[in-house]
Amino acid sequence: MLADGTWWEKKSGIEYGKNGYWKRWQLLRGGSADGAVEWEETWWDASDYTGMKEMGAQKQGRNAGGDAWRESWTERLMYASNDLDCVVERNAHKWAAQGDGDEWEEKWGEHYHASGKVAKFADKWGKTGPNVWHERWGEDYDSGGDACVKWTDKWAERLLPDNAREQWGDKWHEAFANGRGEKNGEVWSVGAGGERYQRWWGEQHMGDMRVRRHGHSTTGEQWDDIAHMDTYYNPVPHFGFKLALDHSPQLRNVPLKPKEIKQDDPFGPGVDQL
């Protein structure tokens, strides 16, 4: 503790679990004498005998003005239990709030499979006074390199001076494989007086240069035709398992817990000594 009452402490430890699990961690935290300011940071790495390796960190704190924040991230190398497909996972979560009530939050993840499958997603939202916005999106790629699903969903609302609310949003979804697929979307809004508008649209790509385009809206719009046009989609992610692994040398180097060899073991140390 310092002369002004400010304090800090540092801790570390190792935790053990089943199947060779161990986790090494370090914690650093502190605060002001009156408790108005506090902060904490934790780092760790972990592994077990299945080949799982993990690194991560968490940070959180608050200040005298009432602002607070929290964030975490993890990076994990493991084998999927169902098909033993090796996977590199990256996930993060951030949140912050101001003393006046404004707030935002963000989550995202990336999962890269040795088989070629890739999944990416994000989920964000924020609030400024009475106004709120949301945004979500995702991308999934198959292991064959010729199929993908992508989608997004956004919506928001705001409070008007007379306390009435306006809301609006749009979303779309597309799925393609082997030169065929569909795109669908929706745009919507709700006015201050409760009046609602919606407009839906879609495309069916048949794989032979023919595309059915269709849609309708609450205002009476309607269309449905066949157009001759190219079908374009990108089924190959910009980042894959090998690059994810190459970009994570620290994760690859997380050690395994040394196995204990019994003196009377008739089989000796076996491959554990290699």
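This is a predicted model: local features need pLDDT of at least 70, side-chain atom pairs count only at pLDDT 80 or more; totals for chains, interfaces and linings use all residues.
Strand E1 covers residues 7-16 and strand E2 covers residues 22-31. The two strands pair in the antiparallel sense, and 10 bridges join them. One of the residues in a bridge is Ser-12, whose partner in E2 is Gln-26.

## Thr-42 in strand E3

Strand E3 runs over residues 38-47 and includes Thr-42. Is Thr-42 buried or exposed? Thr-42 has a relative accessible area of 13%, and residues under 20% count as buried, so Thr-42 is buried.

Leaving aside residues up to four places away in sequence, Thr-42 touches Gln-26, Leu-27, Gly-56, Ala-57 and Gln-58. Gln-26 is also the bridge partner of Ser-12.

Which residues make the nonpolar surface patch? Trp-8, Val-37, Trp-39 and Trp-69 make it, and its area is about 390 Å².

Trp-69 belongs to strand E5, residues 68-79. Its relative accessibility is 36%.

## Cysteines

How many disulfides does the structure hold? The number is 0.

Cys-86 has 12% relative accessibility and therefore counts as buried. Cys-148, at 2% relative accessibility, also counts as buried.

Methods: Residues are numbered from 1 along each chain as its sequence is written. Side-chain values use heavy atoms; hydrogens and water are left out. A disulfide is a pair of cysteine sulfur atoms within 2.5 Å. Buried means under 20% relative accessible area, exposed over 50%, partly exposed in between (1.4 Å probe, protein chains only). Two strands pair if DSSP finds at least two bridges between them. Helices (H or I, at least four residues) and strands (E, at least two) are DSSP runs, numbered from the N terminus. Contact means heavy atoms within 4.5 Å. Patches are made of residues with over 30% relative accessible area and no salt bridge: like charges are joined within 9 Å, nonpolar side chains (Val, Leu, Ile, Met, Phe, Trp, Tyr) within 5 Å. Accessible areas come from the Shrake-Rupley method with a 1.4 Å probe; for residues, only the protein chains shown count as cover. A salt bridge is a side-chain nitrogen of Lys or Arg within 4 Å of a carboxyl oxygen of Asp or Glu.
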